[in-house]
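Please brief me on this structure. Keep it short and grouped by topic.

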Amino acid sequence: MANPGYGKRSAPDQRPRDKHDFAHLPAREASIAAYIDRLPEGADISVKTLAKVLPYGQCALRTALNRLQDAGHLRRGSECVANDEVLLWVTRTFFSRTARDDEWWAAFTRGDAPPERPQHPTRSRAFMLLAALGRTTPSLTLSAADCTALEPQVGEWFERGATETELLHALTDGLPTPVHHAAALVRRRLTDKMPPERVAPAQQRTVLRTLECSECRSPGSAEALIGGRCRPCRGEPVAAPTGPNGAVPANGVRDRMNDVRAGLARRSVRPGRSNGR
């Protein structure tokens, strides 16, 4: 495991593991990604530690990690960890089995990354509830067409905060004997017993998270770190800094301070005085 703050952190909302997860990567990068993917949370994935267990040198591993970053599987940055006693910024290496684009990583740093859409279409929670209705209440057995037609109404119940238990209670309690048309009865009960909207109190949670350039380690916003690299490391020109007249540019501060110190030293030597006088 890594020292506090330097371990692997898995990105949220990833698809289940599959043998084709890293098939789009070169063989070396794919094997390293598969190894990291199976490590536990907090595991040390620095190049020095990986070089001890994988058949690659540190330079090769550093290159491979940068390529994983280019492919959208990895980002390096910092995250604020807080409890009742301390507020601490720690270094993180975020890893995603599912490749993400720069827009997703930018949303992730803000704490509002969208959930991953399923790769294949699946049946909704509402459809599954309707399809299983006949197992416990045979008189309410529905066809696939009935489930599809009634699915939006059940979905609205869920959107209003209803639970499956509440919905089943509304549909199955006090049924007439016999039920002549199951779909018509279910539709009528879904309409007549629709619950009011339940407005949950808004809970704002501020996520403090930044990323850093994989080359020079300069911190920056996700929007500025395209592909995980800052503008200079991507080889793009950097606009000259603006400021008030006479301002010292960032790369000239050291020389200006040396000149100031030299001037102070010259003024401190006054002619006509010697030690002891």
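Threonine 210 touches Gly77, Ser78, Trp89 and Gly220, leaving aside residues up to four places away in sequence; contact means heavy atoms within 4.5 Å. The model is predicted: local features need pLDDT of at least 70, side-chain atom pairs count only at pLDDT 80 or more, and totals for chains, interfaces and linings use all residues. Numbering starts from 1 along each chain as its sequence is written, and side-chain values use heavy atoms, without hydrogens and water.

**Threonine 210**
- Threonine 210 sits in strand S4 (residues 209–212).
- Its relative accessibility is 30%, so threonine 210 counts as partly exposed (buried is under 20% relative accessible area, exposed over 50%, partly exposed in between, with a 1.4 Å probe and protein chains only).
- Alanine 222 is 12 residues from threonine 210 along the chain, and their C-alpha atoms are 7.3 Å apart.

**Helices H1 and H3**
- The axes of H1 (residues 27–37) and H3 (residues 58–70) come within 10 Å and cross at roughly 80°. Axes are lines fitted to C-alpha atoms, for helices over the stretch in contact, and angles run from 0 to 180 degrees between N-to-C directions.
- H1 is therefore roughly perpendicular to H3 (the class for 65 to 115 degrees).
- H1 contributes Arg28, Glu29, Ile32, Ala33 and Ile36 to the contact. H3 contributes Ala60, Leu61, Thr63, Ala64, Leu65, Arg67 and Leu68.
- By class, this contact has eight nonpolar, one polar and three charged residues. Ala, Val, Leu, Ile, Met, Phe, Trp, Tyr, Cys and Pro count as nonpolar, Asp, Glu, Lys and Arg as charged, and the others, Gly among them, as polar.

**H3 in detail**
- H3 has 13 residues and spans 18 Å from first C-alpha to last, close to the 18 Å expected at 1.5 Å a residue.
- Buried residues in H3 include Leu61, Ala64, Leu65, Asn66, Leu68 and Gln69.
- Just after H3, glycine 72 has a positive phi of about 95°.

**A cis peptide bond**
- The bond from threonine 177 to proline 178 is cis, with omega near -5°.
- Proline 178 lies in the loop between helix H8 (164–172) and helix H9 (182–192).

**Whole protein**
- The protein has 10 helices and five strands. These are DSSP runs numbered from the N terminus: helices are H or I, at least four residues, and strands are E, at least two.
- Of the 277 residues, 34% are buried.
- Among contacts with a separation of 6 or more, 61% join residues 24 or more positions apart.

Methods: Parallel < 35°, antiparallel > 145°, perpendicular 65-115°, else oblique. Expected span 1.5 Å × (residues − 1).
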